[in-house]
2 protein chains.
Amino acid sequence: MTTTAARRERQRIQLIDAAEKAIAEKGLPGLKARELAQEIGCALGAIYNLVADMDELVLRVGSRTLARLDAALSAAENEATPVSARQAADRLVAVALAYCAFARDNLQLWRVLFEHRMAEGAVVPDWAVSEQMTLFRHILEPLSVLVPDRAEPERMLMSRTLFSAVHGVVAIGLEEKLIAVPRRDLDRQIEGLVHLVCRGLAVST
Amino acid sequence: MTTTAARRERQRIQLIDAAEKAIAEKGLPGLKARELAQEIGCALGAIYNLVADMDELVLRVGSRTLARLDAALSAAENEATPVSARQAADRLVAVALAYCAFARDNLQLWRVLFEHRMAEGAVVPDWAVSEQMTLFRHILEPLSVLVPDRAEPERMLMSRTLFSAVHGVVAIGLEEKLIAVPRRDLDRQIEGLVHLVCRGLAVST
DNA sequence: GAAAAATCTTGAACATCGTTCACAAAGTTT
DNA sequence: AAACTTTGTGAACGATGTTCAAGATTTTTC
């Protein structure tokens, strides 16, 4: 006999599954409490026994997306730790392209990571914040090879900057509000930007 | 005696004023049709004689924001047309910092430019799309000095990339979902990025 | 094992939205 | 002045997230 807590846990996962699917297919506005309840076969009010509110649900989906994104970036780091500047640059390009590919393949879910805003007054829980930091890790390592002389905090800041820059190119490139950038061009933009930055770093002695 | 059309036009402006104020103070979720109606002293339904729907209203506010942003960037281009690479780089830095300052000072309105999504099925009108293109202009001119040998379409793409990169740094830097970046650090990040790109461009023969 | 207590589930009800629409008011034309 | 057209009005509609009293279920107690 399954205990109540276990069943609830199973239902919570079903709920997040359904929410993830809904967002992936129809975007954040396509996430409806009533549809979710019907999907997982429970009453409307029962959702609030599984999550506090819709915000938490969105954050949980975001957590999953972040984990998959992290895995995708890790997969792009196929080789061993880079030692030469050339290898470091190649890895940065690979990670950036993987980021772009992930965003394209998971457009709606990826957008939620950045576009979702908590309800008035609500605050983002700590675990959600700290999760995001893991992204910079993929940049910090190759960057340490490129600029070994800089202090760690400064390298951390540079990681953040480089990540943000690539993110910006991807975000605006995939924004259909502007004229859509063809896939090939977008990849070339990213490659060009990362190469440019690496070249700039190489000269900076 | 004021004609009906003129009065309506005046009311439309009042409506956009009120909407702009509401968004600036409380963000996009703070934009309520009923509050706007009360603010400008008309019936709820009368709003739909002034604009087609809320989407159009948001778009019109965005148009204003874009115009002010354009003016702010223009103001940052105080000197004459850059001729040397050094001048071009300085101007790019100045424009980027002005972009950051504008975003910070108009946080909610600036966000709407990128985060607002049209209702299901609705399409962004042409005028809204073409307006956005004007932003790249501020980058294209200095960039033409830095890389005069590249073809125009490629320079256009580079402008877009550089703009997007700076935009990304600003967007993530001002995102309170992550740990907030102090103003000074954010400015330094941007300056560093633009300098890095310029240096990379200078070496690229 | 049955009764009692605690817990969970339910779906109707509530508060808010944007949006519509029949009707009244105002303006325009004949 | 009367007929017609346009415009303004706010109640009503359909969605939405969230709550809550009451019924169903599980757990505890003796």
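Predicted model: local features only at pLDDT ≥ 70, side-chain atom pairs only at ≥ 80, totals over all residues.
Residues are numbered from 1 along each chain as its sequence is written, chains are lettered from A and ligands numbered from 1 in the order in which they are written, and side-chain values use heavy atoms, with hydrogens and water left out.

Let me begin with chain A on its own. Chain A is divided into domain 1, residues 1-51, and domain 2, residues 62-203, with bounds that come from an automatic or database domain assignment. The centres of these two domains of chain A, taken over C-alpha atoms, are 31 Å apart, and their contact (heavy atoms within 4.5 Å) takes nine residues from domain 1 and six residues from domain 2. Together the two domains of chain A bury about 650 Å², with 61% of that on carbon and sulfur atoms; buried area here is the accessible area, for a 1.4 Å probe, that two parts lose on being put together, summed over both. On the side of domain 1, A:Glu20, A:Ile23 and A:Leu28 supply 61% of the area buried against domain 2, more than any other three residues.

A:Glu20 pairs with A:Arg68 in a salt bridge whose closest N and O atoms are 4.0 Å apart.

Now to the interface of the two protein chains. Here 37 residues of chain B are in contact with 37 residues of chain A, and the two chains bury about 3600 Å² between them, 64% of it on carbon and sulfur atoms. Four salt bridges are counted between chain B and chain A, and the side chains of B:Glu115 and A:Arg117 meet in a salt bridge at 2.6 Å, N to O. Which elements of chain B give two or more residues to the side that touches chain A? They are helix H6 (107-115), helix H7 (126-146), helix H8 (152-173) and helix H9 (183-203) of chain B, where helices are DSSP runs of H or I with at least four residues, numbered from the N terminus. H8(B) gives the most to that side, with eleven residues.

Finally, the DNA. Of the 17 residues around DNA strand C, those that come nearest are B:Lys32, B:Ala33, B:Arg34, B:Leu44 and B:Tyr48, and a residue counts as near if one of its heavy atoms lies within 4 Å of the strand. A polar backbone atom of B:Ala33 is 2.9 Å from a phosphate oxygen of DNA strand C, and B:Tyr48 has a polar side-chain atom 2.8 Å from a phosphate oxygen, whereas B:Arg34 has a polar side-chain atom 2.9 Å from a base nitrogen. The elements giving two or more residues to the surface near DNA strand C are helix H1 (4-26) of chain A together with helix H2 (33-40) of chain B. Of the atoms of DNA strand C within 4 Å of the protein, 53% belong to sugar or phosphate and the rest to bases.

Notes:
Polar contact = N/O pair within 3.5 Å; in protein donor to acceptor, adjacent residues only side chain to side chain.
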